[in-house]
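User: Hi! Could you walk me through reading some features of this structure?
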Amino acid sequence: PVPRRALSEANGLVVVGIVIVYGALNMLSISETAPLDVILFEIVSALGTVGLSAGLTGELSGFGKVAVIVLMFLGRLGLLTLVVAFRPHVVSGAVRYPDGNPPVG
């Protein structure tokens with residue numbers, strides 16, 4: 001079985017990805033005149049750093065180009081890196097050292 005922590009982290013990554021795509025879709029649908037399916041394709045392609053384009057990237061406004069650049073950067077960093085970077089770090093006082101008898105000589 002898959003540990004619950006791994007499942008919750010995977011679910012969190014999916015939610016973060018959906019929120020980023022939905023937010024970018026809202027912003028670009030306001031600033032651009034292209035159909036939503038073309039905008040969505042560009043967003044998912046940029047976030048996934050796939051390198052594909054529906055031909056919209058060259059026709060984007062300045063704001064749209066900056067948004068796609070940010071999406072490409074976030075995709076390059078990776079959603080897991082972003083989640084770990086903004087997760088609160090818990091520092092425990094207990095330090096555990098490994099047990100073992102290394103061979104000497």
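**Reading the helix contacts**

Analyst: Gladly! H2 and H3 pack with their axes 7 Å apart, at an angle of about 40 degrees. This is a predicted model, where local features need pLDDT of at least 70, side-chain atom pairs count only at pLDDT 80 or more, and totals for chains, interfaces and linings use all residues. Residues are numbered from 1 along each chain as its sequence is written, and side-chain values use heavy atoms, leaving out hydrogens and water.

User: Which residues of H2 and H3 make the contact?

Analyst: Contact means heavy atoms within 4.5 Å. H2 brings Ile43, Ala46 and Leu47, while H3 brings Val68, Leu71, Met72, Leu74 and Gly75.

User: At what angle do helix H1 and helix H4 pack?

Analyst: Angles run from 0 to 180 degrees between N-to-C directions, with axes as lines fitted to C-alpha atoms, for helices over the stretch in contact. Helix H1 (residues 4–31) and helix H4 (residues 79–86) pack at about 105 degrees, their axes 10 Å apart. H1 and H4 are therefore roughly perpendicular (65 to 115 degrees). Leu13, Val16, Gly17 and Ile20 of H1 meet Leu79, Leu80 and Val83 of H4.

User: Which residue forms a salt bridge with Glu9?

Analyst: Side chains of opposite charge can pair when their charged atoms come close. A salt bridge is a side-chain nitrogen of Lys or Arg within 4 Å of a carboxyl oxygen of Asp or Glu. Here Arg5 pairs with Glu9, the closest N and O atoms being 3.2 Å apart. Because Arg5 and Glu9 are four residues apart in helix H1, about one helical turn separates them. The count comes to one salt bridge.

Technical notes. Helices (H or I, at least four residues) and strands (E, at least two) are DSSP runs, numbered from the N terminus. Angles under 35 degrees count as roughly parallel, over 145 as roughly antiparallel, 65 to 115 as roughly perpendicular and the rest as oblique.
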